[in-house]
Amino acid sequence: MRGAIVAAASASALLLAAGPAGAGEVIAGVYAHDVTFLGEAVGLGAAGKEGGANIHLGWRSDRIDAAPDWMGGPRAHIFISANTAGDTSYVAAGLSWHIPITDDARWYVQPGMGLAYQDGYDMFPDWRDPGLSVEEVNRRIALRSERIEFGSHILFEPEIALGYRVTDNTSVELSYVHLSNGQIFNQGKNEGLDEVGLRFVHRFGG
């Protein structure tokens with residue numbers, strides 16, 4: 001639960017810092033953690049080991065008009081994801097793109113890409129280390145079926161959301177987030193994490 005507490009405290013600080021800016025959007029959501037049903041469909045996959053739910057709290061900027069044209073008008077995003085069962089929590093930041101898909105712009109898709117830092121395991125401790133107690137050996141062996149071995153604390157964070165604008169200032173999004181090192185931050189272990197959930201978006205200003 002330590003990771004969830006740290007993440008929740010960090011999220012509170014994040015929202016306090018974002019609020020006075022008077023621009024952008026606050027994001028809050030609940031996600032199913034380490035789901036496996038999407039892996040076969042999208043080719044990414046998850047470990048399917050961890051439990052609990054993840055609470056997402058974050059902020060998304062307005063369109064960055066100063067960005068080069070070739071970037072397509074991205075928005076910056078940052079969020080904390082805290083696991084309720086004490087499994088992997090993380091913080092992520094990156095860019096996303098708001099793409100209306102209906103004439104009235106109420107329905108939209110929002111793909112994104114970022115980097116994340118996770119507070120779980122990069123590599124599991126070796127259960128064959130000398131001098132370990134039987135309890136510690138068993139604990140280390142159990143990790144292999146209970147926790148994700150990401151291979152790195154720094155991970156890629158692709159995501160996509162289908163959103164609906166309920167009012168001028170409120171939207172709801174069905175969101176998918178994936179974490180993995182892509183065999184770039186580490187060569188070898190690359191267990192991934194998939195999360196799917198609903199998030200609510202409140203926009204500041206008009």
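Student: How exposed is Ala105?

Tutor: Ala105 is partly exposed, because its relative accessible area is 26%. Please keep in mind that this is a predicted model.

Student: Where is the place of Ala105?

Tutor: Ala105 sits in the loop that runs between strand E5 (99-100) and strand E6 (107-118).

Student: And what is its phi, given that Ala105 is not a glycine?

Tutor: The phi of Ala105 is positive, at about 65 degrees. Most residues other than glycine have a negative phi.

Student: Which phi does Asp34 have?

Tutor: Asp34, likewise not a glycine, has a positive phi of about 55 degrees. Its place is in the loop between strand E1 (25-33) and helix H2 (39-42).

Student: Is Asp34 buried or exposed?

Tutor: Asp34 counts as buried, because its relative accessibility is 5% and the cut-off for buried is under 20%.

Student: Let us turn to Glu195. Which strand is it in?

Tutor: Glu195 belongs to strand E9, which covers residues 193-203. With a relative accessibility of 0%, Glu195 counts as buried.

Student: What do the side chains of Glu195 and His56 form?

Tutor: They are joined by a polar contact of 2.9 Å. The Glu195 side chain also makes a polar contact with the side chain of Tyr90, at 2.8 Å.

Student: Which residues is Glu195 in contact with, leaving aside neighbours within four places in sequence?

Tutor: The list includes Tyr31, Ala32, His33, Asp34 and Val35, and also Asn54, Ser81 and Ser175. Asp34, the residue with the positive phi discussed above, is therefore one of the contacts of Glu195, and it counts as buried because its relative accessibility is 5%.

Student: How far apart are the C-alpha atoms of Glu195 and Ala32?

Tutor: They are separated by 5.5 Å, although the two residues are 163 residues apart along the chain.

Student: You mentioned His56. How are the side chains arranged along E2?

Tutor: They alternate along E2.

Student: How many bridges join E1 to E2?

Tutor: Eight bridges join them, and the two strands run antiparallel. In E2, Ile55 is the residue opposite Val30.

Student: And what about E2 and E3?

Tutor: Those two strands also run antiparallel, joined by seven bridges. Arg60 stands opposite His77 in E3.

Student: Changing topic: how many cavities of 30 Å³ or more are there?

Tutor: The count comes to one. The largest cavity holds about 60 Å³ of space. Its lining consists of Ile27, Tyr31, His56, Arg60, His77, Phe79, Ser96, Glu159 and Arg199.

Student: Which elements give two or more residues to that lining?

Tutor: Those elements are E1, strand E2 (53-60) and strand E3 (75-83).

Student: How do the lining residues divide by type?

Tutor: They divide into three nonpolar, three polar and three charged residues.

Student: Where does Asn181 lie?

Tutor: Asn181 is in the loop between strand E8 (170-179) and E9. At 0% relative accessibility, it counts as buried.

Student: What does its side chain reach?

Tutor: The side chain of Asn181 reaches the backbone oxygen of Phe150 at 2.7 Å. Not counting residues up to four places away in sequence, Asn181 touches Phe150, Gly151 and Ser152, among others.

Methods:
Residues are numbered from 1 along each chain as its sequence is written. This is a predicted model: local features need pLDDT of at least 70, side-chain atom pairs count only at pLDDT 80 or more; totals for chains, interfaces and linings use all residues. Side-chain values use heavy atoms; hydrogens and water are left out. Helices (H or I, at least four residues) and strands (E, at least two) are DSSP runs, numbered from the N terminus. Buried means under 20% relative accessible area, exposed over 50%, partly exposed in between (1.4 Å probe, protein chains only). Contact means heavy atoms within 4.5 Å. A polar contact is a pair of N or O atoms within 3.5 Å; within protein, one must be able to donate a hydrogen and the other to accept it, and residues adjacent in sequence count only if both atoms are side-chain atoms. On a 1 Å grid over the protein atoms alone, a cavity is a set of points where a 1.4 Å probe fits but cannot get out, and a pocket is an open set with protein on both sides within 12 Å along at least five of seven lines; lining residues have an atom within 4 Å of a point. Grid points are joined across faces, edges and corners, and a volume is the space filled by probe spheres set on the points. Ala, Val, Leu, Ile, Met, Phe, Trp, Tyr, Cys and Pro count as nonpolar, Asp, Glu, Lys and Arg as charged, and the others, Gly among them, as polar. Two strands pair if DSSP finds at least two bridges between them.
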